[in-house]
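Biologist: I have a structure to go through with you. Could we take it piece by piece?
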Amino acid sequence: MEHYKFFQNKECEYFPCHKCENTENFNCLFCYCPLYALGDRCGGNFTYTESGIKDCSRCLIPHKRENYGYIMEKMGEVIELTKKP
């Protein structure tokens, strides 16, 4: 197993921070989703509040053990956002 792809902090006062069926596979590695900045291109289950803020409270993409590869594939898009014009 590639241990760097999964981390869990059961001592965190917010664990798990999203409702899920199986907390044993809840991945805390991407506690703050690195894809948030992609807006509607992140691929997650999100909505926007009335004031236009992205609400990811129903999204489990960064918290599923098997989604490490997906997150890393999308990081290229995040990097593009940070490049100088």
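Biologist: Which backbone oxygen does the side chain of K54 reach at 2.9 Å?
Modeller: That oxygen belongs to G39. The side chain of K54 also reaches the backbone oxygen of Y36, at 3.2 Å. Please keep in mind that this is a predicted model.

Biologist: Where is K54 placed?
Modeller: K54 is in strand β2, which covers residues 54-55.

Biologist: Is K54 buried or exposed, and which side chain of opposite charge is nearest?
Modeller: K54 is buried, yet it has no salt bridge. The nearest side chain of opposite charge is D40, 7.7 Å away. A salt bridge would require a side-chain nitrogen of Lys or Arg within 4 Å of a carboxyl oxygen of Asp or Glu, so D40 does not qualify as a partner for K54.

Biologist: Which residues is K54 in contact with, leaving aside its neighbours within four places in sequence?
Modeller: The contacts of K54 are L35, Y36, G39, C42, F46, T47 and Y48. Among these, Y36 and G39 are the residues whose backbone oxygens I mentioned.

Biologist: Turning to the aromatics, how many aromatic pairs does the structure hold?
Modeller: The structure holds four aromatic pairs. One of them is formed by F15 and F26, and this pair is edge-to-face, with 5.6 Å centre to centre and 90° between the planes.

Biologist: Which parts does the pair of F15 and F26 tie together?
Modeller: Both F15 and F26 lie in the segment before β1 (47-48), so their pair ties together parts that are 11 residues apart in sequence. F15 is buried, and F26 is buried as well.

Biologist: And what is the geometry of the pair that F46 and Y48 form?
Modeller: F46 and Y48 form an edge-to-face pair too, with 5.5 Å centre to centre and 85° between the planes. Y48 has a relative accessible area of 43%, and is therefore partly exposed.

Biologist: Which residues do ring pairs link into a cluster?
Modeller: The cluster consists of Y4, F30 and Y68.

Biologist: Back to F15 for a moment. What is the peptide bond from F15 to P16, cis or trans?
Modeller: The bond from F15 to P16 is cis, with omega near -20°. P16 is in the segment before β1.

Biologist: What about K19, is it buried or exposed?
Modeller: K19 has a relative accessibility of 82%, so it counts as exposed. K19 is placed in the segment before β1. The C-alpha atoms of K19 and R58 are separated by 7.9 Å, although the two residues are 39 residues apart along the chain.

Biologist: Lastly, the overall fold. What pattern does the protein follow along the sequence?
Modeller: The pattern is β-β-α, and the secondary structure comes to one helix and two strands. The C-alpha atoms fill a box of roughly 40 × 35 × 20 Å, taken along the principal axes.

Biologist: And what share of the residues is buried?
Modeller: Buried residues make up 27% of the 85 residues in the protein. As for contacts with a separation of 6 or more, residues 24 or more positions apart account for 48% of them.

How values were computed
Residues are numbered from 1 along each chain as its sequence is written. This is a predicted model: local features need pLDDT of at least 70, side-chain atom pairs count only at pLDDT 80 or more; totals for chains, interfaces and linings use all residues. Side-chain values use heavy atoms; hydrogens and water are left out. Helices (H or I, at least four residues) and strands (E, at least two) are DSSP runs, numbered from the N terminus. Buried means under 20% relative accessible area, exposed over 50%, partly exposed in between (1.4 Å probe, protein chains only). Lys and Arg count as positive and Asp and Glu as negative; His and the chain ends are not counted. A polar contact is a pair of N or O atoms within 3.5 Å; within protein, one must be able to donate a hydrogen and the other to accept it, and residues adjacent in sequence count only if both atoms are side-chain atoms. Contact means heavy atoms within 4.5 Å. Rings of Phe, Tyr and Trp (its six-membered ring) pair if their centres lie within 6.5 Å; planes under 30 degrees apart count as stacked, over 60 as edge-to-face and the rest as tilted.
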